[in-house]
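This report describes selected side-chain contacts and the ligand surroundings of the structure shown below.

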Amino acid sequence: MAEGSRVAEAPKLFDHLEAQASDSLLALIAMAKADPRPDKIDVGVGVYRDAAGGTPILRAVKAAERILLETQETKSYLGSQGDPRFVELMKGIVFGQGALSDERIIGLQTPGGCGALRLGADLIEKADQDARIFVGQPTWPNHAPLIGCAGVEMVDYCYYDKATTTICFDQMMDAFEQARAGELILLHGCCHNPTGADLNLDQWHAVAEVVSRRGLVPFVDLAYQGLGRGLEEDAEGTRLVVEAADQALVAHSCDKNFGVYRERTGSLFVKASTRQAAEVILGNLLGLSRTMWSMPPDHGAAVARVVLEDPELRADWRAELQEMCARIRSLRSRLAAYDPRLAYIADQNGMFSMLPLSSDEVVALRESHGIYMANSGRFNVVGLSDESVERFAAALVEVMDG
Ligand code: LMR
């Protein structure tokens, strides 16, 4: 700047921004980290922990990383679709091998499940500015910002009654009966976040029936495939509703089932009525993603591809997933056996369950016992170590007894 010149007086661009509270889950991570108590228990964020409380890199992932280190020859751009082979392999994992030849289902790689959800919401908004999506409450707290950011209107209904720890199935079906043809319904494919309460197969059949009869468009969030009942079993509901639907979206994440959280590895699949329509959709998705992240990060997808293409690594990955599932199930059983009021936890799936606690009780657990969980009462079952599970259950019972 020339000597003597000064910055012009002008309205300050950012002065109208309002202070924003940080995302409650991110704030919780920071709070738990800052707590100096050595016996604190962090069951906030959804990260798998082993018996010793660590989150090690999976064997198959480490082996794939070694292979990549030795064999990868370039880090040049791959394009907006990401790694096409990864997308194809994921299509098989999500929809089954039989769907690989279904050209009405197109997909692309995204930065994690969040990227897939946001991109899907943007596509919906671009296709129809009056689109509405029916969202069962409670849901993952980031669903509303991700979908709302794109401008899609959300219609809430009750999915789960925290006090009775049961799914409000009738209310859900009533909501779907009120949706108009072409409207969207958000579904959790498995391991419902934040409640752990999944639809059973009969209920999935009923949802598939209403989807088909009323022409609804399912948008399935499948972020925990393989961490509930098993890799194939966890996809059963998604496959049923996608099969029943003329059009559908599936946001998939590898962050949890490959344990590559920070690599941000996901994909979005869209089913269209025809192959031609699917091609048009893919073109639009590539255009939209170009304006957000241009091209998705590669490493996690490259790792997943190497694992899935190598029969030995694939088998080892499946075995590790089963070990993770078994650990989650065993922690669930131990909690359920501790007190009859916790018995329902054994019947739920995945990393999360929701405790029927008030936010004051959640704060009391934090302050008096160093236990960190979401204010809603959601806790990460597998955030517990073998050593902390009894202490956690005892503290819960103490708070519940008032
Ligand atoms: C969670 O729900 O804890 C995870 O999906 C992490 C996140 O981004 O919220």
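## Asp339 and its loop

Asp339 is placed in the loop between H11 and strand E11 (352-354); helices (H or I, at least four residues) and strands (E, at least two) are DSSP runs, numbered from the N terminus. The model is a predicted one, in which local features need pLDDT of at least 70 and side-chain atom pairs count only at pLDDT 80 or more, while totals for chains, interfaces and linings use all residues. Residues are numbered from 1 along each chain as its sequence is written, and side-chain values use heavy atoms, with hydrogens and water left out.

Asp339 is buried, its relative accessible area being 11%. Here buried means under 20% relative accessible area, exposed means over 50%, and partly exposed lies in between (1.4 Å probe, protein chains only). The Asp339 side chain reaches the backbone nitrogen of Arg341 at 2.8 Å. A polar contact is a pair of N or O atoms within 3.5 Å; within protein, one must be able to donate a hydrogen and the other to accept it, and residues adjacent in sequence count only if both atoms are side-chain atoms.

## Salt bridges

How many salt bridges does the count come to? The count is 26 salt bridges, where a salt bridge is a side-chain nitrogen of Lys or Arg within 4 Å of a carboxyl oxygen of Asp or Glu. One of them joins Glu88 to Arg85, with the closest N and O atoms 2.9 Å apart. Both residues belong to helix H3 (residues 84-95), where Glu88 and Arg85 are 3 residues apart, about one turn of the helix. Glu88 is partly exposed at 41% relative accessible area, and Arg85 is partly exposed at 34%.

A salt bridge also forms between Arg213 and Glu177, whose closest N and O atoms are 2.7 Å apart. This pair links distant parts of the chain, with Arg213 in helix H7 (residues 201-214) and Glu177 in helix H6 (residues 169-178), 36 residues apart. The relative accessible area is 46% for Arg213, which is partly exposed, and 32% for Glu177, also partly exposed. Glu390 and Arg334 meet through their side chains in a salt bridge of 3.8 Å, N to O. Glu390 lies in helix H13 (residues 388-400) and Arg334 in helix H11 (residues 311-338), so this pair ties together parts that are 56 residues apart in sequence.

## Ligand surroundings

Which residues surround the ligand? They are Leu25, Val45, Gly46, Trp140, Asn193, Tyr224, Lys256, Phe352 and Arg378; a residue is near a molecule or strand if one of its heavy atoms lies within 4 Å of it. By class, this shell has 5 nonpolar, 2 polar and 2 charged residues. Ala, Val, Leu, Ile, Met, Phe, Trp, Tyr, Cys and Pro count as nonpolar, Asp, Glu, Lys and Arg as charged, and the others, Gly among them, as polar. At least three residues of the shell come from each of domain 1 (22-57 + 313-400) and domain 2 (77-309), with bounds from an automatic or database domain assignment.

Polar side-chain atoms of the shell lie 3.0 Å from a ligand oxygen atom for Trp140, 3.4 Å for Tyr224 and 2.8 Å for Arg378. Taken alone, the ligand exposes 260 Å², of which the protein buries 75%; accessible areas come from the Shrake-Rupley method with a 1.4 Å probe, and for residues only the protein chains shown count as cover.
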